[in-house]
Amino acid sequence: MNILTKIQKRVSDRPAELAKLRHQGKTVVGWSGYNLPEELIYALGLVPVRIGAGGNEKLVELGQRYVSSHNCVYIRELLGYIAENKDPLIQQIDAYAFDATCLQTFRAAELVEYYFNKDVFILGVPRNFYWTEAQDYFVKETEYFVSLLEAKYGVKLEDQKLKEAISLYNKIREKILELYTIQIESAEVSWMDVYGIIQAGYTLDKAEYLDLLEQAVEEAKGYAKEEDSDAPRIFLSGSILPPGDSKLINIITKLGGRIVGDDLWSGILPYLDLDIKEATAGGVALGYLNRTPHGALPYLELESDRRIKKLKELLRLSRANGVVYHTLRYCDPYSFKSLETKHILVDEGIQFLEIHTEYASSDTEAIHTRIEAFLEMIENNVLTKEVV
Ligand code: SF4
C-alpha cells in the first residue's frame, strides 16, 4: 500500500515530536498490557505510547540481568529494551503503566520500578471476569489507577475530554476493523500491511493516526479483490508477535502461505467488541473487561470460553485453512492452552500447527521445515476435498 511509506515516516518522526511535547510540559506514558484503557491516559492530557519489542537476542540477554531466564522471552526483551535505553522512542518515556493481565507483565512492572527509577503505575486485573465482584473490583482498580495519575501529574479526568477520547478511539477501532476485513479478500492489501499499520498506532498521535487510517481504508477500497488463489490461507494465534519479531511471519510468507487473520494481543484482538456504555472511568473499564478475554486469564469450561468463540468467529471470517499457533519460550499462558485449542480446531476440520520458539535465530531452519510440511499438507488436503 502506498500509505505505508507515509505512515512509516511519521513513526520515525515521532520520537522528535515527543521530545518537543515533553519540552512543552507534557508527560509521555509508555504502557504495556491488554486491559489497560489507553483512552483514559489520553483523556487525562498525558501522551500514551504502547511499548513492546521482540526478535532481538541481544536485548533478551541484557534483560536477563534483571529477570530470571525462566520468564517469557518477550518480558526479558522488554526489560532489555528499557535497560539499554537506546531506542529514540524509549528515551522519551517519562512513566510506565502496566496491567496485571499476565503476571509476567506485572513482574516486569515491579522490576522497571526497582531498577530503572521510573514512575510505574499498575492496574490490577481480576482473574475471573464473569463474577459481579470481579467487575466491581476492576472498576475500582481503574478509578484508582486514574486517581494516581491525576495526583502525580496534577491533571483531572474531565467528562468532556473523556467523551472526546472515547469517540476518537472508537473511530480508530472501527477503521482498523474495516482495514482488517478488506485484507481478507484483497489482492493488494496484505495482512502484514494491516499488522504494520496497527503497530504504527502504538506510537502515533491518535488524531493523526485516525486520519492516516481513513486514508488507508480509502486506498484499500480502491484495490481489486483477490482472484481465486491456491495459496494456503493461514491464521496466526497464540503468544504476542510484537514489533521486530517477524521471523515466523517471514517464513510463512516466503514459503507461499497467505496470512489472512490473527487473534493476537499484538494484532486485531484488542480492537474488537469494545462497547463503552457509559463515559466514565468505570464505564470504560467495563467495556474493556467485556471484550474477548486474554489467554493469560484462566477459564476452564471450553464450551463457553469466549476466547475460543472469538477464535472460531475470526477463522470463519478469514476463511483460513490452517492455524499456526505461536508459543514463546516460557509463555505458559499460551503454551498451556495449545493442546486444548488444537483439539477443538482439529475436531472442526481445521489444520493446526504449534510453533514453539524464542528470539534466537538458531531454530529458523527447523521452523522453516515444519511450516513447509504444514503448507504442503494443507494444499494436499484442499486438493483432496476438491477432487472428492
Ligand atoms: S502472555 Fe505470554 S508472552 Fe505475553 S507477557 Fe504473558 S507470558 Fe509473556
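How many nonpolar, polar and charged residues are in the shell around the ligand? I started with this one, keeping in mind that the model is predicted.

**Entry: ligand shell**

I sorted the shell by class and found 10 nonpolar residues, 3 polar ones and no charged residues. I then looked up the members. The ligand is surrounded by 13 residues, and C72, Y74, C102, Q104 and C331 are the closest. I also checked which helices contribute. At least two shell residues come from each of α4 (73-84), α5 (103-116) and α13 (332-336).

**Entry: open sheet**

I traced a sheet of 4 strands next. The sheet is open, its pairing is parallel, and the strand order reads β6-β5-β7-β8. At the edges I found β6 (258-262) and β8 (351-357), each pairing on one side only. From one strand to the next, the twist averages 30°.

I looked at one strand pair in detail. Strand β7 (residues 322-328) runs parallel to β8, and 7 bridges join the two. For Y325 I noted E354 in β8 as the bridge partner.

**Entry: helices on the sheet**

I checked what packs against these strands. Helix α10 (residues 247-254) lies across β5 (233-238), β6, β7 and β8, and runs at about 135° to β6. Helix α14 (residues 338-347) also packs on the sheet, where it touches β7 and β8. I noted about 160° between the direction of α14 and that of β8.

**Entry: nonpolar core**

I looked up the largest nonpolar core and got 109 residues. A97 and L179 have the most contacts inside this core. Helix α7 (residues 159-185) gives the largest share, 9 residues.

Apart from neighbours within four places in sequence, A97 is in contact with V29, W31, L36, I41, F121 and L123.

**Entry: T142**

Is T142 buried or exposed? I counted 27 C-beta neighbours inside 10 Å of T142. The cut-off for buried is 20 or more, so T142 counts as buried.

I placed T142 in helix α6, which spans residues 132-153. Not counting residues up to four places away in sequence, T142 touches P37, L123, A281, G282, V284 and A285. L123 is on this contact list and also on that of A97. Last, I checked T142 against D99. The two are 43 residues apart along the chain, and 10 Å separates their C-alpha atoms.

Methods:
Residues numbered from 1 in each chain as written. Predicted model: local features only at pLDDT ≥ 70, side-chain atom pairs only at ≥ 80, totals over all residues. Buried ≥ 20, exposed ≤ 12 C-beta atoms within 10 Å, placed from the backbone. Contact = placed C-beta atoms within 7 Å. Pairing = 2+ DSSP bridges. Axes fitted to C-alpha atoms, helices over the stretch in contact; angles between N-to-C directions. Near = placed C-beta within 6 Å. Nonpolar A, V, L, I, M, F, W, Y, C, P; charged D, E, K, R; others polar. Core = buried A, V, L, I, M, F, W, Y, C linked by C-beta atoms within 7 Å.
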